[in-house]
Each structure stands twice: as structure tokens, then as C-alpha cells.
Amino acid sequence: MAERERYLTPPLGGVFVPRAQVMTADDCRRAITRIAHEIVERNHGSANTVLIGLQTGGVPLAHELAETLQRIEGATDEDQIPVGSLDVAFYRDDIGLRPVLPEAVTDISFDLTGKTVVLVDDVLFTGRTIRAALNALNDYGRAKAVQLAVMVDRGHRELPIRPDYVGKNLPTRRDEMVDVSDEGVILGDMVAVK
Amino acid sequence: MTGHLLSIADLGADGIEEVMRITDSFVEVSSRDIPKVPALRGKTVVSLFYEDSTRTRLSFETAAKRLSADTMTFSVSTSSVKKGESLKDTVETIEAMGIDAVVVRHKSAGVPQQVAQWVADDVSVINAGDGWHEHPTQALLDCYTIRERLDTLEHKHIAIVGDIKHSRVARSDVLAFTALGARVTLVAPPTLLPPSLEGWPVDVSHDLDEVVPKVDVVYLLRMQQERMTEALLPSLREYTAHYGLTTRRAAQLQDGALVLHPGPMNRGVEIAAEVTSMPNTLITRQVANGVAVRMAVLFLLLGSGASLA
């Protein structure tokens, strides 16, 4: 969600003008199903797995992914996959350079020590949000492993970070904007309001 | 971009709400096993206290440390103030060391405003209590504590009881509570009210027994014996008889009504010892929330790039 924040807050503020529908809601659902299968395959099940959605775009995706995982693993109510949400505002490296405010309260009500944590976000761009998230996770325990699932990887990485599970690789220009919602994935531009 | 926090009036209702919203995040941070975030790494916060304080100074320092800022403490008794250094020279000396925020408490009203004019544009000044004037972070933590239990302050009835005249807490609280839509009744003997209440959006009562059963919150103020230079009261015992929250009066409170006190308490004067341990007495909760509120204020001023006022 870092990307949307960056564009929507002054001085860059503007309106999102959609240009092309890249994925439909059904495409997104199928991608989540595939990612869920990949997670189970890679980790030999989902027993030790927890999901953490990044505020705010990653949170609904994390919940959807958890439901899908439970369905394909045939999990009962007792072995629900824990889902948390993480706001990385206090860990960002651009504090003081632009307005950085938390969007929502972090909610991780379980210990991460020894768990395989799958971070979930909607769009992977520069990688700086994920860098901040990795720092934040340290404060909640020592995870056995951290993996990254994103709906869209749009490139332009500024840090050595790569996703483990990707809904769609989407080549973009730097100044474009990718919007992920429950209506699918839309590519567009931010246009300044005069 | 920086600003100062000198008065609740600078914030307005929107500013107070924004501080409350950010405080939610810092309450979560404070509840963790490792209650520390790197948000203000490399920033330096100085507490410049010309007046005694336990909770406010420690609270600000804890808040700064939990944000990974460096802290410096200035206490008058061990400083060059004893050699006659003026306030302005002291501020300039501290500023020259390279600081980002200065938390000021002084016995004279207006000192934080004065300091704000002296420091460079990129230094934030936070008022931690100036004379009888204001104590904005106390009012913010009071609002947060009430909101935590009652969800909102809108249409709530709050009685502020005691030494209104000498109380900076009362001034900031009146501004903050009424900005958020609460109705405020001041309860005090005439000698402990300010000479004029013109422009204060409050009711006044001299009868605590009549007020207690009607309110959602009783906010007790400390009897400030160190500020009482004239004989304003016949005796403390008489004050307690008329204006203390005794066990008998506390029994008249509505179910769920809250009792707050900014501390330090004079047990047995404005509040009975038994009342301090009632479940709806939130004095220690106020202290805990104080750290989170001050983290929010420091983050908003120093880290967020947003402007507070």
C-alpha cells in the first residue's frame, strides 16, 4: 500500500485514472488458489504457517489466502491458520522525508518464534515496505522463515528483495499506478488535481 | 516540517482526534514484548524541567526511548542555572548541541511560547506544563483514557473538581473535553475558581453532592499547596468535607462512571484512599496511556512529516 500512500498524500496528491483492467476479480481468486497450493507444496503443509497482511492492501488478501489454505488442507476449526496484520509506518526509511502515518493498528496476537511467516501484500514495487516489515517482524519473535506473497510484482526494486509467490508479474513504468481491490487489478495513472 | 505543541487550542478537535488515532498504534507498540520502534532513530529530545516532576518527565523520556530517540535531561538543581545562567542562554546552549525537540516545564506561564521563538525552525517545543496556563499532553492522555472506556467524549458530562484556579491541567482539560463535545462542570469553592470564567464553555457548581450522581466522569485535581500563597481555604479537612471524593460520595456515582486524577494524589484530601482502588478509578491507566500519547505527539512532531497544528 506504500505506493498508494505515496501518490495520494501531498505534495503528490492526485486522482487515480484507470487505463486497463489487468486482472479481473476471478483472475485474482484463481491466483490466490494457486498461491495457496504453492505455499502448501513449498512448506509441506500449512501446520506451522502464519499469514501476516501488510496494512492496508495486504490484509484482505491475507484473510482470503487463509480461507483458501484451510479449504485445500481440510483444516478444522482447531487448526485455523493464524492471520495477523502489520503496519510498518514506524519502521519506514523515509520517515521525515514525507508524511508517514500509520493507517491502522498492528494486530499480531501470536508469537512468531519458530513459525513460517508468509507476508502478504497487494503490490510489490521498490521493496522498501517489505524491508520495513522484516524489521518489524523481529520485534514479534524469531520466525523460522519469512516468505513473501504478492498479488502483483510491478518491478523497479531498490533493494535485494524478491517475492516467493506472485499473482502476476506486471511490467510497469515508474510513474504508473497499480490498484488492487476486490474488483481486480487495474493499471492507471495518477493525475494531479489542479 | 516541524511544529510545536504549546496549547490544546493549537490542535482543535481534528488535531486531538489525530493524536488519539496515532496513540492507538503506540498503545499496541507498548503492549509488545519489545516495546520499541526505530521511528525516531537519530533524533534527540531534551527535557528542560524548571519545576519538579516525576511522571511527566519520566513519561516523556520513556516515550522518546521507545521511539529510539536519544534523550537528554536537564534538571535545574544540578545545572549552571545555579550559577545564574539565564533561560535564554540555557536554551541556546542546549540547542547548539544539536537537538530536535525540547520538552519544557516552567513555573511561569508562557515560557514554552518564549522558548519556541528562540529556537531554530527545525526544533519542536513541547509544553509539559507552564505555571497556571496549560499542560496539553496531560489533557490528551485524559481524553484518550476516557475515550478508551466510554468510546467517545461527545455528550458526556465531566465534572472537574478542586483547585481550578491554580491548575494548568484544568485549563487544558476544559479546552480538550469541550472541543470533543463533552459538557464540563467545574466544582470548586469560589476562592479556588479563576477570577473570571468569561469565555469558558462550562457550568459552575459549588455542591459536589449534587453533581456526583449526574456525571459520567469525575476529574479530581490535586490541592496544590505549593502554589497557595494566600489563605484560600479554612482548612484541608473542611475542603475534604465539601469537595473530596469520599467513599460516601463515590457510592453515589452512576454505574460505570469514571474517576480520574492527574497525580500526584493527596490521599485523604481530594480523594479517599479506598476510592483510588475502585475498578473505575483509572489513575494508573492514565499514566500508562501517557507514554503512548507522548509517543504519538513526538512522532507527529518529529517523524511523520505532518504538521500538528
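Hi everyone, let's start inside a sheet: in strand 3 of chain B, B:Val102 is the bridge partner of B:Val46. Strands here are DSSP runs of E with at least two residues, helices are runs of H or I with at least four, and both are numbered from the N terminus.

A word on what we are looking at. This is a predicted model, where local features need pLDDT of at least 70, side-chain atom pairs count only at pLDDT 80 or more, and totals for chains, interfaces and linings use all residues. Residues are numbered from 1 along each chain as its sequence is written, while chains are lettered from A and ligands numbered from 1 in the order in which they are written.

Back to our strands. Strand 1 (residues 44-49) of chain B runs parallel to strand 3 (residues 101-106) of chain B, joined by five bridges. Strand 1 of chain B also pairs in the parallel sense with strand 2 (residues 70-75) of chain B, over six bridges; pairing asks for at least two DSSP bridges between two strands. There, B:Val45 stands opposite B:Thr71.

How many of the six residues of strand 1 of chain B are buried? Five are, so to speak mostly covered. Buried means 20 or more other C-beta atoms within 10 Å of the residue's own, exposed means 12 or fewer, and partly exposed is in between, with C-beta atoms placed from the backbone.

Now helix 1 of chain B. The buried residues of this helix include B:Ile16, B:Val19 and B:Phe26. They pack against helix 2 (55-66), helix 5 (136-150), helix 6 (168-179) and helix 11 (283-303) of chain B; contact means C-beta atoms, placed from the backbone, within 7 Å.

Stepping back, chain B has 11 helices and nine strands. Of its 309 residues, 46% count as buried. The C-alpha trace of chain B spans about 55 × 45 × 35 Å along its principal axes.

Last stop, chain A. In helix 4 (residues 128-138) of chain A, the buried residues include A:Thr129, A:Ala133 and A:Leu137. Seen down the axis, the buried residues of this helix fall within an arc of 155°, so they line one face; the arc is that of the directions from the helix axis to the C-beta atoms.

Terms used:
Two residues are in contact if their C-beta atoms, placed from the backbone, lie within 7 Å.
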